[in-house]
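This report describes selected structural features of the protein shown below.

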Amino acid sequence: MKAMYYDAFGKTPEIRTVADPSPSEDGVVIAVGATGLCRSDWHGWMGHDPDIRLPHVPGHELAGKVVATGKGVMRFKVGDRVTVPFVSGCGHCGECHSGNQQVCPNQFQPGFTHWGSFAEYVAIDYAETNLVHLPEEIDDATAASLGCRFATSFRAVADQARTGPGEWIAIHGCGGVGLSAIMIAAALGANPVAIDISDEKLAFASECGAVATINAATVGDVPEAVREITKGGAHVSIDALGHPVTCFNSIRNLRRRGRHVQIGLMLGDHSTPQIPMAQVIGHELEIYGSHGMQAWRYDAMLSMLSAGKIAPQKLIGKRISLEEGVPALVAMERSEGLGISVITQF
């Protein structure tokens, strides 16, 4: 099969022919119909993820058809259209038994712990626990766009933050994660405030449901600007970028007893950001992480999609080939384009 392959961190990947994968006893092989490019893939390529072993094939947002199954797989068959959370649980540990596969200590992550979906085929372990059947009306590109950014945002906004109708939610960063969070928050009846340094992205955020926008490049005090718009501070705030400044601002702009959720990865030099801990204590703030979403929670998200309450397909910027994915991945840190890129041609 063709695959995007690298054997050194930071080295430009190549398109190579590598061996086709085989399913494990509890796994499947999927013919990839579409796979999204995500900032997490860039972090992995840069060597920021300790789970990656070289040589490596990246890619973790995917959808496609099952083409082979292990003998232990009963609920899925060849020909089924499926997607999978990028954090997949083993199905046997205490976290999995409690329904929290997203923090399984033995987790399987395509594109990180194992070779991923920037290829014609990808092997997925623990299929019974993690595969998600796709409705026919949802195409592969839309389904792939759910796999990391949208699903992680859904869990962050709906489950971790418990965002309710009428609440103010500040979203720092209007990339794929932030725009997803804005769309989901608006669908839940909340009032999203979008913060970014790009007027173009802020305009798009308004199209996705933001009721107010703040350009952090032109505002001297972002938390104060949020407090002014929300008349006292956000009930919920999300760092969708993953930077010490946006993390600090996201906590700082909360009202008393507000909830901060960290979605943007804090890796490398950014792994230990400053936190306004006096405010956390004195205002009884809540701080959460959000790392993927369980397969069993996809039903709620897919139901909202089928009902037209959310439209993740609006966030797809470009549909590109596997070969075009190489420069797109390398340039991801400095990319300014709207929406997300999805590989649909192999």
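## Basis and chain ends

A residue is termed buried under 20% relative accessible area, exposed over 50%, and partly exposed in between, with a 1.4 Å probe and protein chains only. The model is a predicted one, in which local features need pLDDT of at least 70 and side-chain atom pairs count only at pLDDT 80 or more, whereas totals for chains, interfaces and linings use all residues. Residues are numbered from 1 along each chain as its sequence is written, and side-chain values use heavy atoms, leaving out hydrogens and water.

Methionine 1 is buried, at a relative accessible area of 12%. Its place is in the segment before strand 1 (2-5); strands (E, at least two residues) and helices (H or I, at least four residues) are DSSP runs numbered from the N terminus. Between methionine 1 and lysine 309 there are 308 residues of sequence separation and a C-alpha to C-alpha distance of 38 Å.

An open sheet is formed by six strands in the order 10-9-8-11-12-13, with parallel pairing; two strands are taken to pair if DSSP finds at least two bridges between them. Strand 10 (212-215) and strand 13 (286-289) are the edge strands, each pairing on one side only. On average, neighbouring strands of this sheet are turned by 20 degrees against each other, direction ignored. The axes are lines fitted to C-alpha atoms, for helices over the stretch in contact, and angles run from 0 to 180 degrees between N-to-C directions.

Strand 12 (residues 254-262) and strand 13 run parallel and are joined by four bridges. Glutamine 262 has glycine 289, in strand 13, as its bridge partner. Strand 12 also contains arginine 257, whose phi is positive, near 65 degrees, although the residue is not glycine. Within strand 8 (residues 168-172) lies histidine 172, which is buried at 1% relative accessibility.

## Loop residues

Leucine 37 belongs to the loop between strand 3 (28-36) and helix 1 (39-46) and is buried, with a relative accessible area of 1%. Leucine 37 and phenylalanine 118 are 81 residues apart in sequence, with 8.9 Å between their C-alpha atoms. Proline 55 is placed in the loop between helix 1 and strand 4 (61-69). The peptide bond leading from leucine 54 to proline 55 is cis, with omega near -5 degrees.

In the loop between helix 2 (94-97) and strand 6 (121-124) lies glutamine 101, a buried residue at 9% relative accessibility. Its side chain makes a polar contact of 3.4 Å with the side chain of tryptophan 296. Such a contact is a pair of N or O atoms within 3.5 Å; within protein, one must be able to donate a hydrogen and the other to accept it, and residues adjacent in sequence count only if both atoms are side-chain atoms. Arginine 162, in the loop between helix 4 (140-160) and strand 8, has a positive phi of about 55 degrees although it is not a glycine. Arginine 162 is partly exposed, at 43% relative accessible area.

## Salt bridges

The count of salt bridges comes to 13, each defined as a side-chain nitrogen of Lys or Arg within 4 Å of a carboxyl oxygen of Asp or Glu. Among them is the pair lysine 11 and aspartate 7, with the closest N and O atoms 3.1 Å apart. Lysine 11 is partly exposed at 37% relative accessibility, and aspartate 7 is partly exposed at 34%. Glutamate 14 and arginine 16 also meet through their side chains, at 2.9 Å from N to O.

Arginine 227 forms a salt bridge with glutamate 224, at 3.2 Å between the closest N and O atoms. Because they are three residues apart in helix 7 (residues 222-230), arginine 227 and glutamate 224 are separated by about one helical turn. Salt bridges with shared partners join Arg155, Asp159 and Arg297 into one network.

## A nonpolar surface patch

Ile275, Met277, Ile281 and Ile287 form a nonpolar patch on the surface, with about 360 Å² of accessible area together. Patches consist of residues with over 30% relative accessible area and no salt bridge, like charges being joined within 9 Å and nonpolar side chains (Val, Leu, Ile, Met, Phe, Trp, Tyr) within 5 Å. Accessible areas come from the Shrake-Rupley method with a 1.4 Å probe, and for residues only the protein chains shown count as cover. Isoleucine 281 is located in helix 9 (residues 277-282) and is exposed, with a relative accessible area of 60%.
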